[in-house]
Amino acid sequence: MAAAALPAAIAVLALYFFYKSPVFLTLNNWISISVQIAALMTISIPFAILLMAGKVDLSVGSMVGLSGVVAGLSFPNLGIGGTVAVVLAVGLAIGLLNGFLVGVLSMSPIIVTLGALTLMRGLAQWLSPSPLFGFPEAFTFVGYGRLLGVPILTWIMLSVLALGLFVMTRTPLGRHAIAIGVNERAAYLVGIRVKLTVMLLYGAVGLGSALAGLMTIARINSAPSGTLGVGVELSVITAVLLGGVPFNGGRGSLLRVALGVWLLGMLSNGFILMNIRTEAGLMITGLVLVLAAGLDVLRTRRG
């Protein structure tokens, strides 16, 4: 029954929004939703695997912001290829550093990543106090272009999801993440390289966040250092908890996480179609986060 709750909620929500606005269930609108959630999905997949290992990264929103600023500053000198490489390398490096502090030095994941959140946001604003814009046309084409009739951002999102499913079902990293979440000490005793695994998982989150930052600025053709990525960490946590990954780790399904991301995208899209004020939308999204946290507690107690 629990497994069917999320699909049922999506179906009920879809019917409600369709009743309020017949445009909601059109193919073009659903394609639009897929574009809107592409960056969120790109972060949520590696984040979910990290949470399955019982670790958390609260700095993903600031990583998105910093990635956008670094990209905007790099385009004139490095071109598109060099800029993308630098941004992804920065995301990977920061993720690995977070993983080193948490996995090797055994520091608190919340403290480490809260510090990284503040540090990266401040660095982004220091590097570019004013918004950056006017990126190369070949780059922004990724934000609005299509391939075989499907938006390029949607293809990127689906590729990240497919890669995550492959990691969880076909590689030792996925099994090791679950084992660490169940019992980190026991995982170490059976030979799992816990410290290295944690570092790799944080590196993947940093890489995914940097990629999401590139996707976002390609779509909006701007990189405002003060607001880019703000609140993304809350949306990611909400989606992952809705997807059934417990906050203390040990289990989870990436397909259900994808459904959680889709539900948030539906909410955002439906609010726009119904002309609901931004403030009301934020309050409702906050209530969804509280609901997701409550469901996590219930699942933990039943487990």
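Some ground rules. The model is predicted, so local features need pLDDT of at least 70 and side-chain atom pairs count only at pLDDT 80 or more, while totals for chains, interfaces and linings use all residues. Residues are numbered from 1 along each chain as its sequence is written, and side-chain values use heavy atoms, with hydrogens and water left out.

I start with the rings. A pair here means rings of Phe, Tyr or Trp (for Trp, the six-membered ring) with centres within 6.5 Å; planes under 30 degrees apart are stacked, over 60 edge-to-face, and the rest tilted. By that rule the structure holds nine aromatic pairs. One of them joins F75 and F139: the pair is tilted, at 4.8 Å centre to centre and 55 degrees between the planes. F75 sits in helix α4 (residues 60-104) and F139 in helix α6 (residues 137-144), so this pair ties together parts that are 64 residues apart in sequence.

Buried means under 20% relative accessible area, exposed over 50%, and partly exposed in between, with a 1.4 Å probe and protein chains only. F139 also pairs with F135, this time edge-to-face, at 6.4 Å centre to centre and 85 degrees between the planes. F135 is buried as well.

Elsewhere, ring pairs link Y16, F17, F24, W30, W262 and F271 into a cluster. Two of those names come back with M266, which touches I10, L13, A14, F17, F24 and I33, leaving aside residues up to four places away in sequence. Contact means heavy atoms within 4.5 Å.

That brings me to the core. A nonpolar core is a set of buried Ala, Val, Leu, Ile, Met, Phe, Trp, Tyr and Cys residues joined through side-chain atoms within 4.5 Å. The largest one has 82 residues, and F47, I217, V240, M266 and L267 touch the most other members. Helix α3 (residues 38-52) gives the most to this core, with twelve residues.

V240 also belongs to the buried part of α11. That helix (residues 232-242) is mostly covered, with eight of its eleven residues buried. After α11 comes G244, whose phi is positive, near 95 degrees.

Now the surface. L73, L123, W126 and L127 form a nonpolar patch with about 390 Å² of accessible area together. Patch residues have over 30% relative accessible area and no salt bridge; nonpolar side chains (Val, Leu, Ile, Met, Phe, Trp, Tyr) are joined within 5 Å, like charges within 9 Å. A salt bridge puts a side-chain nitrogen of Lys or Arg within 4 Å of a carboxyl oxygen of Asp or Glu. Areas come from the Shrake-Rupley method with a 1.4 Å probe, and for residues only the protein chains shown count as cover. Helix α5 (residues 109-127) gives the most to the patch, with three residues. L123 lies in α5 and is partly exposed, at 34%.

Last, which residues other than glycine have a positive phi? S106 has one near 60 degrees, in the loop between α4 and α5, and is exposed at 59% relative accessibility. L148 has one of about 60 degrees, in the loop between β2 (146-147) and β3 (150-151), and is exposed at 77%.

Technical notes: Helix = DSSP H or I, 4+ residues; strand = E, 2+ residues; numbered from the N terminus.
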